[in-house]
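Here is a set of questions and answers for a reader who is new to this structure. Each answer sets a value against the rule that it has to meet.

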Amino acid sequence: MAAINHTLTAGTDAITGTRDTVGRWLTAGAVANTLMAGTYVAFSAVVMPLLGTKDDADFVHSMQQINTGIENPLFFTVFTAALAAPAIAAWKLRKRGGTTLMRWTLAALALYTTTVLTTSGINVPLNEALAAAGGTDPAKTRADFETTWNIWNGIRAVLSTAAAVAMAKAIRLHRRNRV
């Protein structure tokens with residue numbers, strides 16, 4: 001009887017441990033996605049409108065400095081965590097099948113993956129072209145950059161915000177269902 005009780009207790013501890021681990025990954029994903037959404041929203045609502053008031057040369061120079069400055073370990077950690085945390089949570093949930101919790105976690109992952117693809121396929125190449133232009137012909141450089149970058153940054157803001165909301169929903173389901 002003691003062996004059975006020990007086995008049941010160990011099984012319960014393993015389930016609780018998995019549940020706690022999933023909860024931590026969901027929370028990390030929600031925090032990282034919220035931080036990334038905040039970054040993109042701040043650029044759309046504050047940074048780019050303020051840069052928009054500058055003349056062409058100041059706009060190009062300022063944006064080049066911002067692009068250099070944002071490439072730092074903290075930014076890359078959060079950027080990566082917003083993708084990795086929901087992926088790990090989904091992986092840990094895989095044995096439970098197509099639960100609503102799993103669907104919200106996968107929705108967040110898909111939304112943020114689209115953000116990453118947009119960033120790497122559109123915004124980063126625009127940033128690289130801006131850097132390569134240096135200070136030559138700031139009016140053309142700005143015209144080639146600003147509108148397209150702003151549109152796609154707005155799309156990233158919406159996608160990241162939706163991913164953060166999906167992660168919050170997943171946390172709520174996780175807590176409510178004690179899964």
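**Reading a predicted model**

The chain has five helices and zero strands. The model is a predicted one.

Q: What pattern does the chain follow when read along the sequence?
A: The pattern is α-α-α-α-α. The helices are H1 (2–52), H2 (56–70), H3 (73–93), H4 (100–133) and H5 (138–177), and each of these gives two or more residues to the lining of the largest pocket.

Q: What share of the residues in the chain is buried?
A: Of the 179 residues, 35% are buried. The word applies to a residue with under 20% relative accessible area.

Q: Why is Asn 123 called buried?
A: Asn 123 has a relative accessibility of 0%. The cut-off for buried is under 20%, so Asn 123 counts as buried.

Q: Where is Asn 123, and which residues does Asn 123 touch, not counting residues up to four places away in sequence?
A: Asn 123 is placed in helix H4. With those neighbours left out, the residues touched are Thr 118, Trp 149, Trp 152, Asn 153 and Arg 156. A contact here means heavy atoms within 4.5 Å.

Q: Why is Thr 113 called partly exposed?
A: Buried stops under 20% and exposed starts over 50%, with partly exposed in between. Thr 113 has 28% relative accessibility, so the residue counts as partly exposed. Thr 113 is also found in helix H4.

Q: How many residues apart along the chain are Thr 113 and Ala 163, and what separates their C-alpha atoms?
A: The two residues are 50 apart along the chain, and their C-alpha atoms are separated by 9.4 Å.

Q: What makes the pair Asp 56 and Arg 142 a salt bridge?
A: A salt bridge needs a side-chain nitrogen of Lys or Arg within 4 Å of a carboxyl oxygen of Asp or Glu. For Asp 56 and Arg 142 the closest N and O atoms are 3.2 Å apart, and the pair forms a salt bridge. This pair links distant parts of the chain, with Asp 56 in helix H2 and Arg 142 in helix H5, 86 residues apart.

Q: Are Asp 56 and Arg 142 each buried or partly exposed?
A: Asp 56 has a relative accessible area of 30%, so Asp 56 is partly exposed. Arg 142 has 8%, which is why Arg 142 is buried.

Q: How do you know that Lys 140 and Asp 144 meet in a salt bridge?
A: The limit is 4 Å, and the N to O value for the side chains of Lys 140 and Asp 144 is 2.6 Å. Both residues lie in helix H5, four residues apart, about one turn of the helix. Lys 140, at 48% relative accessibility, counts as partly exposed. Asp 144, at 43%, counts as partly exposed.

Q: What is the N to O value for the salt bridge of Glu 146 and Arg 142?
A: The side chains of Glu 146 and Arg 142 meet at 2.8 Å, N to O. They are four residues apart in helix H5, so about one helical turn separates them. Both Glu 146 and Arg 142 are buried. Salt bridges with shared partners join Asp 56, Arg 142 and Glu 146 into one network. The whole structure has three salt bridges.

Q: Which residues touch the most other members of the largest nonpolar core?
A: They are Leu 26, Leu 93, Leu 101 and Met 167, in a core of 14 residues. The elements giving two or more residues to this core are H1, H3, H4 and H5, and the largest share, five residues, comes from H5. Another core, of 11 residues, lies apart from it and includes Phe 75, Val 78, Val 116 and Ala 157.

Q: What is the volume of the largest pocket, and which residues lie nearest its centre?
A: The volume is about 390 Å³. Of the 20 lining residues, Asn 67, Ile 70, Glu 71, Val 124 and Asn 127 lie nearest the centre. Helix H4 gives the largest share of the lining, six residues. By class, the lining has nine nonpolar, eight polar and three charged residues.

Methods: Residues numbered from 1 in each chain as written. Predicted model: local features only at pLDDT ≥ 70, side-chain atom pairs only at ≥ 80, totals over all residues. Heavy atoms only, no water. 1 Å grid on protein atoms, 1.4 Å probe; cavity = no way out; pocket = protein on both sides within 12 Å on 5 of 7 lines; lining within 4 Å. Points joined across faces, edges and corners; volume = space filled by probe spheres on them. Nonpolar A, V, L, I, M, F, W, Y, C, P; charged D, E, K, R; others polar. Buried < 20%, exposed > 50% of the residue type's maximum accessible area, 1.4 Å probe, protein only. Core = buried A, V, L, I, M, F, W, Y, C linked by side-chain atoms within 4.5 Å.
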